[in-house]
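Hi,

Here is the structure I promised to pass on. Have a look at it first, and then read my notes below.

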Amino acid sequence: TIPESVTSIGDEAFSGTAWYDNQPDGIVRINNVVYKLKGIELTEDILSFDDNVIAISSYAFDDPDICAKIIELRISKKITNIGECCFCALRY
């Protein structure tokens with residue numbers, strides 16, 4: 001159980017765990033933190049986050065093959081923490 005007060009989750013914090021392996025493909029969230037994009041290629045060319053998201057973890061979108069279609073980011077004013085290199089794989 002991770003409390004709502006957690007606003008940052010490090011890169012690979014849950015890599016190789018049964019919890020992560022059992023998460024469905026897509027954007028994996030832990031409470032209001034986007035942790036990782038898992039196992040799918042995004043079909044939209046705009047990546048946006050709902051107002052419940054307050055942080056995006058480091059390296060959350062680090063797979064260039066998965067992120068190849070993204071051409072625009074929309075980040076809510078409620079997001080207060082963007083981890084290092086979380087969008088490194090997006091093509092600019």
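This is a predicted model: local features need pLDDT of at least 70, side-chain atom pairs count only at pLDDT 80 or more; totals for chains, interfaces and linings use all residues.

S57 touches I9, V33, V34, Y35, G83 and C86, leaving aside neighbours within four places in sequence. S57 sits in the loop between strand 4 and strand 5. Is S57 buried or exposed? With a relative accessibility of 2%, S57 counts as buried, because the cut-off for that is under 20%.

Not counting residues up to four places away in sequence, I56 touches V34, F49, F61, I79, N81, I82, G83, C86 and F87. I56 also belongs to the largest nonpolar core, which has 16 residues. The residues with the most contacts inside that core are L47, F49, I56, F61 and F87. There is a second, separate core of seven residues, and Y20, V28, I30 and V33 are among them.

On to the strands. Strand 1 (residues 26-30) and strand 2 (residues 33-38) pair in the antiparallel sense, over five bridges. Within this pairing, V28 stands opposite K36 in strand 2. The hairpin of the two strands has two residues between them, and N31 takes a positive phi there, near 55°.

That brings me to backbone angles. Most residues other than glycine have a negative phi. Which other places go against that? Y59, not a glycine, has a positive phi of about 60°. Y59 lies in the loop between strand 4 (55-56) and strand 5 (72-74), and at 28% relative accessibility Y59 counts as partly exposed. C85 is not a glycine either, and has a positive phi of about 55°. You will find C85 in the segment after strand 6 (81-82), partly exposed with a relative accessible area of 25%.

I75 is placed in the loop between strand 5 and strand 6. At 36% relative accessibility, I75 counts as partly exposed.

Cheers

Note on methods: Residues are numbered from 1 along each chain as its sequence is written. Side-chain values use heavy atoms; hydrogens and water are left out. Helices (H or I, at least four residues) and strands (E, at least two) are DSSP runs, numbered from the N terminus. Buried means under 20% relative accessible area, exposed over 50%, partly exposed in between (1.4 Å probe, protein chains only). Two strands pair if DSSP finds at least two bridges between them. A nonpolar core is a set of buried Ala, Val, Leu, Ile, Met, Phe, Trp, Tyr and Cys residues joined through side-chain atoms within 4.5 Å. Contact means heavy atoms within 4.5 Å.
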